[in-house]
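User: I'm new to reading protein models and would like to learn how the labels are decided. Could we go through some of them together?

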Amino acid sequence: MNMRTAGIHHITAFVTDAQRNVDFYAGVLGLRLVKKTINFDAPEVYHLYFGNEAGSPGTAITFFPWATARRGRIGGGQVGTTVFAVPVGTLGFWRDRLTKLNVAYTQTERFGETYIRFQDWDGLQLEIVEREAGPASEWAFGGVPADKAIKGFGGAELNSFAPDKTMDLLERVMGLTKVGKEGEWVRYRSFGDLGNIIDINHTPMGWGAGGAGTVHHIAWRAKDEEEHRRWREYIAQSGFQPTPVVDRQYFNALYFREQGGILFEIASDTPGFARDEPFESLGEKLMLPGWLEDRRAEVEQGLPPIEVRTLEADVR
Ligand code: ZN
């Protein structure tokens, strides 16, 4: 049996303040808050999903904001940098926008592409790159019109403490293709058109520490629940220890720790975020899984209020 993932499904990270998280990803980056729910394993913590208009697979960055979380340290066993793709010709717009909103950035080149590199307000490492591939976002917010909006993930940089093993996994199990090598970087590509370029540093890295400003896990796409079940068998046959399939309401999930220390998830493209609320009002209401619905008042009371808002500096 051989399987191939289309690429990244979502990336999940830890941050501190929930409102600041919304202000950065909706207010600065112009993404749509497509789902406001709670951490199913810890209902006193939000789980916020940001993406294109629908939070399509390959566009969704998700967060567990915890006000008093300790700061993590980016290092081995993590996604080091999350890369967003924007339409060709819009990098100047993004440079101006970050400047206007006081987000410091640097510029860097890899594999002939120019990247703007910056951090969110919790220190999470991000980049923006122009890409031809991938449908344009249909979401416009604040000062970000749809034709300049982030389409979704360009990909990610992986920090592994055993890069040979991680690279072998990407190629042999996840079905990515090695497409280049430049300096410290080896580049892999999946067949999808977003979240499809993975760069891995071939120098082994020392352990990072989980916490605010670091990625918790990277999820890879399975086409549907049926393919997801086959992925679980396949991952187990390939020598890894996948968790049982977990129902995450908007997708099915399974997790395994790869040998370079990075937590991988496989997530199904179906059923998606419009499962429990209409497309038009995605992200507006706090959505709870059925088994928590009768505790709604109590759950809501334990969460800080948040709102999607245009930043003051954006209207000046
Ligand atoms: Zn996940």
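This is a predicted model: local features need pLDDT of at least 70, side-chain atom pairs count only at pLDDT 80 or more; totals for chains, interfaces and linings use all residues.

User: What makes helix H1 "mostly covered"?

Analyst: Of the 11 residues in H1 (residues 18–28), 10 are buried. Buried means under 20% relative accessible area, exposed over 50%, and partly exposed in between, with a 1.4 Å probe and protein chains only. A helix is a DSSP run of H or I with at least four residues, a strand is a run of E with at least two, and both are numbered from the N terminus.

User: What is found at the start of H1?

Analyst: There, a side-chain oxygen of Asp17 comes to within 3.3 Å of the backbone nitrogen of Gln19. After H1 comes Gly30, with a positive phi near 75°.

User: Why is Asp164 called exposed?

Analyst: Its relative accessible area is 60%, and the cut-off for exposed is over 50%, so Asp164 counts as exposed. Asp164 sits in helix H3 (residues 163–173).

User: And Gln249, buried or exposed?

Analyst: Gln249 has 15% relative accessibility, so it counts as buried. Its place is the loop between strand S14 (246–247) and strand S15 (251–257). Gln249 also has a positive phi of about 75° although it is not a glycine. Most residues other than glycine have a negative phi, and most peptide bonds are trans.

User: Which peptide bond is cis?

Analyst: The one from Thr270 to Pro271, with omega near 0°. Pro271 lies in strand S16 (residues 263–271).

User: How do you know that the radius of gyration agrees with a compact globule?

Analyst: The radius is taken over C-alpha atoms, and the globule rule is 2.2 Å times the number of residues to the power 0.38. For 316 residues a compact globule would have a radius near 20 Å, and the protein has 18 Å, so the two agree. The C-alpha trace spans about 45 × 45 × 35 Å along its principal axes.

User: How much of the protein is buried?

Analyst: Buried residues make up 59% of the 316 residues.

Note on methods
Residues are numbered from 1 along each chain as its sequence is written. Side-chain values use heavy atoms; hydrogens and water are left out. A polar contact is a pair of N or O atoms within 3.5 Å; within protein, one must be able to donate a hydrogen and the other to accept it, and residues adjacent in sequence count only if both atoms are side-chain atoms.
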